[in-house]
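Here is a short report for a reader new to this structure. Look at the chain first, then read on.

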Amino acid sequence: MLSRLTVRRLARSVTTLAGALLVGAVLANCGEDEAPVAPTPLVKFRATLVGSEEVPPVITMATGSSEFTLSRTNDTLFVSITVNGLSNIRFGHFHTGARGANGAVVATLVEPPTLAGSQNGRIGRQFITATNLSGTLAGQPLSALVTQLRAGGIYVNLHTDANAGGEVRGQVALVP
């Protein structure tokens, strides 16, 4: 029969041996020739907003820019819209349509109430998900919008009191 001291020593030796084998297995799988896995790059879109892109064109000194970043999970489009000198903004939308053509609203970017007075800086919604899609994209996954963004078939339009049909507009393009 083994003494308690001998049993403890054997248990400690087995534990130490198991730990050493585990560390060895981990180290064996960390070969230097394996390249680290790079994260998926973020997909970004951009539009420059000017009156001359409106249909028909609008004469205005106001401008804007918009950037959209697709989440790595592809279920959220983060929105950043910045304007300069745009007054009394009523709405902002994503519309379907090519450059030079008007189209239907498919997502709201700036909601009422009107942003009164001259606006300079960031405005509007912070993100878009499938639940925010409307018109022909209502009830569809966000990927339906992303497909149209990639194809250049979406534009941003900001509507004001002075130009209810839109004062500044920009076609959304994929950022290379």
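Among contacts between residues at least 6 apart in sequence, 61% join residues at least 24 apart. Contact here means heavy atoms within 4.5 Å. The model is predicted: local features need pLDDT of at least 70, side-chain atom pairs count only at pLDDT 80 or more, and totals for chains, interfaces and linings use all residues. Residues are numbered from 1 along each chain as its sequence is written, and side-chain values use heavy atoms, with hydrogens and water left out.

**Overall build**

The chain has 2 helices and 9 strands. From the N terminus, their order is α-β-β-β-β-β-β-α-β-β-β. Helices (H or I, at least four residues) and strands (E, at least two) are DSSP runs, numbered from the N terminus. Of the 176 residues, 33% count as buried. Buried means under 20% relative accessible area, exposed over 50%, and partly exposed in between (1.4 Å probe, protein chains only). The accessible surface comes to about 10400 Å², and 60% of that belongs to carbon and sulfur atoms. Such areas come from the Shrake-Rupley method with a 1.4 Å probe; for residues, only the protein chains shown count as cover.

**The core**

In soluble globular proteins, nonpolar side chains tend to be buried together. The largest nonpolar core here holds 32 residues. A nonpolar core is a set of buried Ala, Val, Leu, Ile, Met, Phe, Trp, Tyr and Cys residues joined through side-chain atoms within 4.5 Å. Leu77, Phe94, Ile128, Leu145, Leu158 and Val172 touch the most other members. At least two residues each come from β1 (43-50), β2 (63-70), β3 (77-96), β4 (105-110), α2 (142-150) and β7 (154-160). Strand β3 gives the most, with 7 residues.

Helix α2 has buried residues at Leu142, Ala144, Leu145, Val146 and Leu149. Their cover includes β1, β2, β3, β4, β6 and β7. Just after α2, Gly152 takes a positive phi of about 80 degrees.

**Aromatic rings**

The structure holds 1 aromatic pair. Phe68 and Phe94 form this tilted pair, 4.9 Å centre to centre with 50 degrees between the planes. Rings of Phe, Tyr and Trp (its six-membered ring) pair if their centres lie within 6.5 Å; planes under 30 degrees apart count as stacked, over 60 as edge-to-face and the rest as tilted. Phe68 lies in β2 and Phe94 in β3, 26 residues apart, and the pair links distant parts of the chain. Both Phe68 and Phe94 are buried.

The charged end of Arg169 sits 3.4 Å from the centre of the Tyr155 ring. The test asks for NZ of Lys or CZ of Arg within 6 Å of the ring centre and within 35 degrees of the ring normal.

**Two loop residues**

Thr76 lies in the loop between β2 and β3. Ser134 is in the loop between β6 (127-128) and α2. Is each buried or partly exposed?

| Residue | Relative accessibility | Class |
|---|---|---|
| Thr76 | 14% | buried |
| Ser134 | 24% | partly exposed |

The Thr76 side chain makes a polar contact with that of Asp75 (3.3 Å). A polar contact is a pair of N or O atoms within 3.5 Å; within protein, one must be able to donate a hydrogen and the other to accept it, and residues adjacent in sequence count only if both atoms are side-chain atoms. Beyond four places in sequence, Thr76 contacts residues including Phe127, Ile128 and Leu142.
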